[in-house]
Amino acid sequence: MATQAEHTTTNRRDFLYVATGAVGAVGTAAVVWPLINQLNPDASTLALASIQYDVGPIAEGQSVTIMWRGLPVFVRHRTEAEIAEAKAVPLSDLKDPQTDEERTKPGHEQWLIMIANCTHLGCIPVGDAGDFDGWFCPCHGSHYDTAGRIRRGPAPANLVVPPYEFISDTLVQIG
Amino acid sequence: MSEHSTYVPGNAVEKWLDDRLPVVRFAKAHLMDFPTPKNLNYWWTFGAILVMCLGVQIVTGIILAMHYTPNTALAFDSVEHIRRNVSGGRVIQATHAVGASMFFVALYVHMFRGLYYGSYKAPREILWILGVLIFILTMATAFMGYILPWGQMSFWGATVISNIFTAIPLVGENIKQLVLGGFAVGNPTLNRFFSLHYLLPFVIAAVVALHIWALHVPGNNNPVGVEVKDSRDTIPFHPYYTMKDLFAMVLFMIPFAWFIFFAPDILGHPDNYIMANSQVTPAHIVPEWYLLPFYTILRAIDFNVLFIDSKLGGVIAMGGAMVMLLVVPWLDTSKVRSGNFRPMFKWFYWLFVINFIGLMYLGAQPAEGIYTVLAKVCTAYYFVYFLIVLPVLSRIETPKPLPTSISESVLGKNAHA
Amino acid sequence: MFKSKFIIAALAVVVGLSSVSAQAAEGGAPIQKQNWSFGGIFGTYDQNQLQRGFQVFREVCASCHGAHLIAFRNLMEPGGPQFSEAQVRALAAEYEVADPTADGGVRPAVPADRWPSPFASDQDARDAMGGALPPDFSVLAKARGVTDPFPWWVTNYFTGYQEGGPDYIHALMIGYHEEVPPTAPEGFVLGDGQYYNDYFPGHAIGMAPPLSDGSVTYEPGEDGSTVPETVDQYGKDVAAFMMWMAEPHLVSRKQTGFAVLLFLGLFAGLMYATKRKLWAGIEH
């Protein structure tokens, strides 16, 4: 009955169908994205993604553990002897070669800031311990030196240095 | 179930699957080829809209549950946390809250459509009863969901409604304690309502599946109310009704979006922004609008009948109002389905609609003065409509002549136009 | 016939939805609606007003009222008072918050911390305030409303009127009388430690008039413009700030809403055209 009319309107009809389908697809995507995005860390979590910490009160030879993004972080005020010891180690002795300078900030070498989870399986190493005067992980026997570098044991890598910077002489911003 | 099947597996894989689990055959028969009366109007799109509403509530609800804490000390703040801190949380939470209201708008339209066009009549009684069951389950789900934000209305709504159980003679108090998990609404109540509020939507979805199954046995009713005679009366569900339903859904989303983005709190009560306090009752306790007609019927019985005191009487009346819906297929025995062909029924029907809106309005008013009188009158008409008007009309009314088939009625309409 | 059905259905929806209108202010005088910058569908917060409102809150209200859902960082977020990060950091550092991991259990606040409450508990607050609990401000602006007489509240669903809370708060600020006025209900007696307010439900409020003309000093704007230092202006500013505290994402929410409604309008048009084309050959 309407075959002739159908022929003449085929193009317009196809275009209309494609356009409607395309707009519908865009709309669906615009709805789906926020439903997924809500899984991301919320604003109150993100507000703690970056913290400021005043290292001033930490005496030489002492370390404190602070929390950052749910992880414990060691902040150690190293002694001259510890710095000298760390710098004296030849890179060839290291399993995960990194100089002491690479693990501290210039002008602030006395401050060592590291995430306090052993790179083996995540235990928290004990400070002022081990065969290298640094840290010793009691879980599986990893020894770290005075720059937090892995020296012996099953851990594959040095203790992780988080992104941080000194925004004043003693104020550190981590993250 | 597969009598309409025209599915021919296109290749070996489809054939292999079809021999083992004919899911494609099933979907083709029931979601695509299903023969549907060609004369359904837009009131028939609300079934699809309701499926969308259920989907929206389940998806947004699962998301909200990821951030919500069902504990009396933390619930209120955790809802605010969703609104303030979670990415897109303000809109997702508003969608769920507004979505409850939109769900009931669609639900009431769908039910009143069924009442007008006689969709509950044989052979669709089970279909109708399953629908009433969905309605009751949805009210229960919405009620429990309203408790979760743990505002003043949440708390006092739960307190008032749970006291309904105490109307039951002898064991009422025990049942109330069983439901609340304590002597008053408290942390155990909140926790179990959260659990049930999460569970019930999936029960509803299962009953919806049965509802659609029951629909696909006799097929759709239609505005003329004459059964499908032959293939000239029908068109395949897809693409004709899929497209029409999708269009109606998009239209429905416009007021939905208006409320979400421009007036998300207007459908709620300001008192629910005050955290629950068991020592202070709000000046007016008002349930959500969609429960108001039944709330009015509950309150309207303020007199004792013989040995039944007013409290139990109110509960019986409210329960009876739902029982009326369940038994309406046997109260209205008129052979003519569609209200279009029932000149007297029409008047009583529209009066019933206005009466129902009146019940809704009265539920939000204080129970005093003229309002209590009107509440009794409206409650009376609600029951009179089902128990007297429908049975009597079935006997005395002379319906207008029916078209012999759907296609005839369609042709006749277009000839006039 | 068909039209009338639609009208009845629409009426059913409207009446149903609107029968739970805001009724928080009953028992008080009718409240004058204000012209808020954030009212209506195009409304946005006035950043300067929010900053002034914050000043009033901080200098006056915050000594008794908490706002425990507000974090200092919120004050620098877009759509709000939008102080600079340095300002917020400095502001936060003036406050102490409880932190069990810090020496002595307290430390200076940082932007991520919530606004500290003036009292340790509600009971402490009651004891200090002669039995009346100063409500927390976090969502208070949405916990109050005004009642419109029938049938005017119906229009609120179409205008999206959501400013009953600020209207009420502003009215409360200007509604104090030094003594019980002749307009008071017959036989009205003011109790000890109570004050007469036109708009408070029941008129007897436990809060002394918190503001007086000139009690908060506003800095002139960069262009030298000044804002009147009156109770009326303070009331408006603090009410606007409280609305922002209660609904911090109002601006972005409405912006998204416009995009969504425009999209739905376009999509509905396309869908309708598609549906018509599809059904063109069907008698129905």
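## A salt bridge between two chains

A salt bridge is a side-chain nitrogen of Lys or Arg lying within 4 Å of a carboxyl oxygen of Asp or Glu. In this predicted model, B:Asp265 forms such a pair with C:Lys142, and their closest N and O atoms are 3.5 Å apart. Across the interface of chain C and chain B, two salt bridges are found by this rule, while ten residue pairs, both residues having pLDDT 80 or more, are in polar contact between chain C and chain B.

## The side of chain C that touches chain B

On chain C, the side that touches chain B draws at least two residues from each of helix H1 (2-18), helix H5 (153-159), helix H7 (231-246) and helix H8 (250-279). The most comes from H8(C), which gives 16 residues. Sorted by type, the residues of this side of chain C are 35 nonpolar, 14 polar and ten charged.

The contact as a whole involves 59 residues from chain C and 59 residues from chain B. The size of an interface is often expressed as the accessible area that is lost when the parts come together. For chain C and chain B, the area buried between them is about 5,500 Å², with 71% of it on carbon and sulfur atoms.

## A buried arginine in chain B

B:Arg342 sits in the loop between helix H12 (310-331) and helix H13 (343-363) of chain B. Its relative accessibility is 0%, so B:Arg342 counts as buried. The side chains of B:Arg342 and B:Asp332 are joined by a polar contact of 3.2 Å. Apart from neighbours within four places in sequence, the residues in contact with B:Arg342 include B:Lys121, B:Leu393 and B:Glu397.

Notes. Residues are numbered from 1 along each chain as its sequence is written. Chains are lettered from A and ligands numbered from 1 in the order in which they are written. This is a predicted model: local features need pLDDT of at least 70, side-chain atom pairs count only at pLDDT 80 or more; totals for chains, interfaces and linings use all residues. Side-chain values use heavy atoms; hydrogens and water are left out. Helices (H or I, at least four residues) and strands (E, at least two) are DSSP runs, numbered from the N terminus. Buried means under 20% relative accessible area, exposed over 50%, partly exposed in between (1.4 Å probe, protein chains only). A polar contact is a pair of N or O atoms within 3.5 Å; within protein, one must be able to donate a hydrogen and the other to accept it, and residues adjacent in sequence count only if both atoms are side-chain atoms. Contact means heavy atoms within 4.5 Å. Buried area is the accessible area (1.4 Å probe) that two parts lose on being put together, summed over both. Ala, Val, Leu, Ile, Met, Phe, Trp, Tyr, Cys and Pro count as nonpolar, Asp, Glu, Lys and Arg as charged, and the others, Gly among them, as polar.
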